[in-house]
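This briefing goes through selected features of the structure shown here, grouped by topic. It is meant to be read alongside the sequence and the coordinates.

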Amino acid sequence: MSRQLIAGVDIGNSSTEVAIVEVCGNEAVFLTQHLVPTTGIKGTVTNIKGIKSCLQLAMSKINRTISEINIVRINDAVPVIGDLAMDVISETIITESSMIGHNPDTPGGEGIGIGQTILIEQLLQHAEENKPYIVVVSKKFDYEWVAYQFNKFERQGIQIKGVIVQKDDGVLIHNRLQMKVPIVDEVAMIDKVPIGKKAAIEVAPPGHVIRMLSNPFGLSTVFDLTPEETKQVAPVAKSLVGNRSAVVIRTPAGQIAERKIESGSITMVGNRMSVKVDVNDGADEIMESYKKIGVLNDVQGEQGTNAGAMLNGLRQDLAEVTDQTIHEIRITDLLAVDTKIPSSIRGALAGEITMESGVGLASMVQTKKTSIQTVSSLLEKELGVSVEVGGIEAEMAIAGALTTPGTERPIVILDMGGGSTDAATNDENGTIRTVHLAGAGDMVTLLINTELSLHDLELAEKIKKYPLGKLQSLYHMQLEDGTYLFSEEPFPPEAFGKVVIREEKGITPLPIRHSMEQIRTIRREAKRKVFVTNAIRALEQVLPTHNIRHISFVVMLGGSALDFEIPEMINDELSKYGIVAGFANIRGTEGPRNAVATGLVLSTLKRRDDRI
Amino acid sequence: MNYSYSIEMQMDDQSRAAKGSDPKEVVIAVSPAFGKALSKTIVSVEHSEVLREIISGIEEQGGVTRVIRNFETADLAFIGHLAAKLSGSGIGIGIQSRGTTIIHQRDLDPLSNLELFPQSPLITLETYRDIGRNAALYARGENVDPVPVVNDQMARPRYQAIAAILHLKEAQEIVRGKPAVNVDYSFTISEEETV
């Protein structure tokens, strides 16, 4: 009986996988497999480069060459492509300088001081007794001299209630004062501080946050405000919440406004009805409306707004890729996610940053049939091996998933990749249902990148994939769960004291000041917002009954099922519905990878003996 | 009205420097000639001002400074590493008379470092303040952003000769076999008010 080498090739949104099997009659032996990043957009001829190198690498593992392969089977890539967009929907502006609420590392002293703002040079010339002052010190004065002058004033009976300093001198001045007062330092734009106005300064003890100035009624007490005025200053109080130090200066017209940017609305056209939602209403509102409209046919953005631009950009990209006109592109799925985008406040005095709200959109576009035939004929020419297009991707994935020990039909698979979250189910009658949802690993990377303002997608990708640690010394680090890890070899000096990503080999120090807990929370929230939401959505849609309580087993596949925490998060959520969920173990060895490639080669066997 | 003042530094060599135990302590080790045979850096900044900025940077972050003088070497890496080894926090700063500075940690190899500022002509007083601040932050075990290092291709040809002379003067002050000593330092500020 002749032996044949069959290669299954799965082209995914972000990775291309192969499985190579030796077939003799109905006996199949898996020889090797490999994975490379997909070149170009899935389902186009640009993939060939990646497929070729993947096959070469796989064959070289068993010391054989591509020419020995008899048949290459590629999947009929699902004609859906996803894209991402993210934008800010609110903005905080201070119209007249009226507050400084920032977190210098080391303010001086603690407590509250209320008085009139005055420059230190003015104070030297004419200081009045029994009048409380808040002194403003620019960077041209040395701390030693400033402290000396303050101590002299104090002996003269002049009341200094607080200090605003331009340099990082808060503790230095404080250490030299006989009469301790709160000091806010590192105020970069000190020349913009209004002089001769009533001001309040508050510094909280280490590890605490201010309480008086971040409370609207605290402000009304300090500045003796009417109920009407208290309403106006409420945004000031709000923007100071969580700071360790703050200064509020009352200027007649000063106000702080939180302005909502016109992000526009989107119209979702469904088979039952169409609904228009304002993007400002947030992700929950968008997803809630989505549920009402039935099957989504298309989404339109309001022209001339952020939402319109986001959706049009998306269409433009996809039209180019799929060689269709922009009017033929239909958006078939949309995932909206709320996010916090750090932005600097316009008009702020000390470079204050607020977390503005933003919204991220992932969308899925149904294209015309992708040109998989073109890909296969070109690949055949390139490799000199006969290439055939295998069956439907979902069917192959199910066939592959069923090689996991302990699984049986009916089965529900949840394929979580880089570009999309797909689900498929196959009942006893062999009927296959599939859904393809927007939002997966790439969306998580984008959320991490934005919320930590990294401006480095590669680094964000690493944060997503690996757990963190905080170096305590050159020989030990604290891990996320609070335990400690000792190292025989010293860590590199540039990582000293830093939060690091613990990759398999070595560590990468992070160039940001966030604590390990903050980064961990952002990472986990991003994963939860995308994958847990999508898992529920996918399962609801793929089941004929639309009720996820009607299933008992869910097998997770794809690159994101390899993640160290996503499967556990989904399992946690699905267990509330009494569902057993776990990641696949393809052929009992491969974990959640290689399902489609395995399914592709197995389907050749099944064709021969008609066992389906 | 102008407010001017001058700062003077007094440095007195004391007894032999022992290993510190205060976890807040950052040790600054100065080279043999610092503030004695030489009193200014390569760009004529007073040693007193340099030292005062580093000490201020450490104090602002809640650290405690101890200054020691090393006699055995003029090599910056070893001066810095000695400071780290004797420091209660394990963090030390080494500084040469011409102004070159290093932040060191006791577990590192002597020729490694946490931060190195190799081009002495380019180090400003603000940088010295930041060096002190960062050393104290390392001592606190915080996540530290390194102080930006400026680089000037022309600094080498312009200052190489004078750097060599300064190093020679420094090396002449070396006393073989003499252990490092604690240095008492104090600053006096005199104020002159001119109208």
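Predicted model: local features only at pLDDT ≥ 70, side-chain atom pairs only at ≥ 80, totals over all residues.

Helix axes are lines fitted to C-alpha atoms over the stretch in contact, and the angle between two of them runs from 0 to 180 degrees between N-to-C directions.

**Helices α5 and α6 of chain A**

- Helix α5 (residues 216–223) of chain A packs with helix α6 (residues 227–240) of chain A at an angle of about 120 degrees, and their axes are 8 Å apart.
- Because angles from 65 to 115 degrees count as roughly perpendicular and those over 145 as roughly antiparallel, this angle makes α5(A) oblique to α6(A).
- The handedness of the crossing of α5(A) and α6(A) is right-handed.
- On the α5(A) side, A:Pro216, A:Leu219 and A:Ser220 take part in the contact, and they meet A:Thr230, A:Val233, A:Ala234, A:Val236 and A:Ala237 in α6(A).
- Sorted by class, the residues in this contact of α5(A) with α6(A) comprise six nonpolar and two polar residues, with no charged residues.

**The buried face of helix α12 of chain A**

- Within helix α12 (residues 457–465) of chain A, the buried residues are A:Ala460, A:Ile463 and A:Lys464.
- When α12(A) is viewed down its axis, these buried residues fall within an arc of 100 degrees, so they line one face of the helix.
- An α-helix has 3.6 residues a turn, so residues three or four places apart point the same way.
- The elements of chain A against which the buried residues of α12(A) pack are α11 (441–451), β27 (499–502) and α13 (516–542).

**A:Asn426 in strand β22 of chain A**

- A:Asn426 has its place in strand β22 (residues 420–426) of chain A, and A:Asn426 is buried because 22 other C-beta atoms lie within 10 Å, where the cut-off is 20 or more.
- Leaving aside residues up to four places away in sequence, A:Asn426 touches A:Ile398, A:Arg409, A:Pro410, A:Ile411 and A:Ile432.
- A:Pro410 lies 16 residues from A:Asn426 along the chain, and their C-alpha atoms are separated by 5.6 Å.

**Contact between chains A and B**

- In the contact between the two chains, 20 residues of chain B are in contact with 19 residues of chain A.
- On the side of chain B that touches chain A, the elements giving two or more residues are β1 (2–16), α1 (47–60) and β7 (181–194) of chain B, and α1(B) gives the most, with three residues.
- By class, this side of chain B has seven nonpolar, eight polar and five charged residues.

Definitions and conventions. Residues numbered from 1 in each chain as written. Chains lettered and ligands numbered in written order. Buried ≥ 20, exposed ≤ 12 C-beta atoms within 10 Å, placed from the backbone. Helix = DSSP H or I, 4+ residues; strand = E, 2+ residues; numbered from the N terminus. Arc of directions from axis to C-beta. Contact = placed C-beta atoms within 7 Å. Nonpolar A, V, L, I, M, F, W, Y, C, P; charged D, E, K, R; others polar. Parallel < 35°, antiparallel > 145°, perpendicular 65-115°, else oblique. Left-handed = near helix turned anticlockwise from the far one by under 90°.
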